[in-house]
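User: I would like to go through this model with you, starting with the aromatic residues. Could you take my questions one at a time?

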Amino acid sequence: MSSSTVAGWLEPSEAHAGEVRKLSTLLEASQALSATLDLKESLQRVLEILGRHHGAIRSTVVLLNEHTGEVELEASAGAIAPGKRVRYRVGEGITGQVVQTGKPMVVPRVSREPAFLNRAADRPELSQEELTYISAPIALDHKTVGAIGIDLRFKAERDYARTVKFLGVVGSMIAQAVKVHRLIEAEKQRLVDENTHLRQELKERYDFSNLVGTSGPMRQVYEQIAQVARTNTTVLLRGESGTGKELIAHAIHYNSPRAKKPFIKVSCAALPQDLIESELFGYEKGAFTGAHAPKKGRFEVAEGGTLFLDEIGELNLATQVKLLRVLQDREFERLGGTETIRTNIRLIAATNKDLEKAIAAGEFREDLYYRLNVFSIFVPPLRERKPDVLLLADYFLEKFSREHSKQVKRISTPAIDMLSSYHWPGNVRELANVIERAIVVCDAQVVHAHHLPPTLQTAEASGTGQTATLRDSLEAFERDALQDALKSARGNRAKAARLLATTERIFNYRVRKYGIDWRRFK
Ligand SMILES: Nc1ncnc2c1ncn2[C@@H]1O[C@H](COP(=O)(O)OP(=O)(O)OP(=O)(O)O)[C@@H](O)[C@H]1O
Ligand SMILES: [Mg+2]
């Protein structure tokens, strides 16, 4: 082996230096490839390194587009017509052939290669010099996914085999980077898809149409939701526990221009009072013992979207002051922080507390109350919207049947009566629980009275509950019998009494009691 062949495309005297340069090129290239997740950018850097260290006059990386089947230019360095889109079909041109065959190709003298004729015409600046073109495949999992090509100055003594090998190593390093990039892209796409899906699901779940109920009071609530949703106004939701305040908060958000931004809920009651401020406003590192790293508060997380402060009546006075400031100035600082953070959120607050009473008792700041009470929606208790009870019961029947994989189809009339006459102190939440329980214990297609919990049974039985039902049905039976007899006797009361084997006196007494008009039967 002559010294000139050892040195690849370098001068014989530079043989040793050339080997060192190749190794350092590979090292630099691998660093460039792992430095950034931007594939184009890292390829670009690799090509620049090849130009700098190895006198590549021009170099390109092409990759096969899996969808179109076309070979596309990913990165290039050196002389290339700017802004030119380079595309080949697989098999077309030298590069296309390398991608198709997976084998490197060497064109010692570009000027003599017919495939390069038009390329030379494109680039008159290179026509003075004789060039050598070398291309090596980029292979991933035994499949060629692209090629790297370089133009070098023609030198008669160049050892093409070694150069091809070197370029092949660079190609396989690029292949690894492409692999990582594709994995990341696939994962990213999966996350994007999942996110889109979840958003859609959320939207569906909290769409307006998921609010069940057509009663007058609820229709009024829908109207208010529709009015306020498209604005940025602070909303205060008031109503007993379980009336659907949270559901309404969702409906407002998902029907607002902020629907694509986050909906963040903070329950003011669930958090210990000393944690709530750091939860709301976040903190800087070292703000208190245990604050090892800075943390964003919910105000920051909700940026651009909606912040839902549930059970705001439970907020302590110190935090009320801070919240008031955010509502007034639209800015705050993290705990232990000095930087003022501007915030753009829509606030929805909810409470089942009598805030006016809390103000009188000095537990709730009046100024905060006025800030919150810009647009109030009173969610009526279920007992004030009786027509919705059956709609909701059917809705939950279907929902929980599906969830528990049961075939329960309807609710029996006595069970419906029990549902209708109950006063629902726990509102819609209680109704949902009652129906879910019934579905669980129900072993047929129909929910019967005995599938309902004791609270509803005792409600019926207590006072006049079940006796009333017995008396009612006996009376209904008696009334029917009296009328039947009158019909048969054509309004003759003596005859009707005989038909019923009773005296005329008792018969007349009963007829009067039920207010039956015997003359109608004549
Ligand atoms: N109109 C409705 N249509 C369908 N489901 C409803 C309706 N109202 C309430 N619900 C359901 O009832 C349950 C209780 O509602 P939600 O949590 O919104 O009540 P809340 O007013 O926030 O109660 P709390 O004050 O106790 O937090 C939830 O499961 C909710 O999905
Ligand atoms: Mg709630």
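User: Is F281 buried or exposed?
Analyst: F281 is buried, at a relative accessible area of 3%. Buried means under 20% relative accessible area, exposed over 50%, and partly exposed in between, with a 1.4 Å probe and protein chains only. This is a predicted model, in which local features need pLDDT of at least 70, side-chain atom pairs count only at pLDDT 80 or more, and totals for chains, interfaces and linings use all residues. Residues are numbered from 1 along each chain as its sequence is written, chains are lettered from A and ligands numbered from 1 in the order in which they are written, and side-chain values use heavy atoms, leaving out hydrogens and water.

User: How many aromatic pairs are there?
Analyst: The structure holds 9 aromatic pairs. Rings of Phe, Tyr and Trp (its six-membered ring) pair if their centres lie within 6.5 Å; planes under 30 degrees apart count as stacked, over 60 as edge-to-face and the rest as tilted. One of the pairs is F281 with F299, which is stacked, at 5.6 Å centre to centre and 5° between the planes.

User: Where do F281 and F299 sit in the chain?
Analyst: F281 belongs to helix α9 (residues 273–281) and F299 to helix α10 (residues 298–301), 18 residues apart, and the pair links distant parts of the chain. Helices (H or I, at least four residues) and strands (E, at least two) are DSSP runs, numbered from the N terminus.

User: Why is the pair of F299 and F332 called tilted?
Analyst: The ring planes of F299 and F332 lie at 45°, with centres 5.6 Å apart, so the pair is tilted. F332 is in strand β12 (residues 331–333), 33 residues from F299. F299 is buried at 1% relative accessibility, and F332 is buried at 3%. Ring pairs link F281, F299 and F332 into a cluster.

User: Changing topic: which residues come nearest to ligand 1?
Analyst: Of the 18 residues around ligand 1, those that come nearest are V212, S241, G242, K245 and R429. A residue counts as near if one of its heavy atoms lies within 4 Å.

User: What does the backbone of G242 do there?
Analyst: A backbone N or O atom of G242 lies 2.8 Å from an oxygen atom of ligand 1. Polar backbone atoms of T243, at 3.3 Å, and of G244, at 3.1 Å, also face a ligand 1 oxygen atom at those distances.

Methods:
A polar contact is a pair of N or O atoms within 3.5 Å; within protein, one must be able to donate a hydrogen and the other to accept it, and residues adjacent in sequence count only if both atoms are side-chain atoms.
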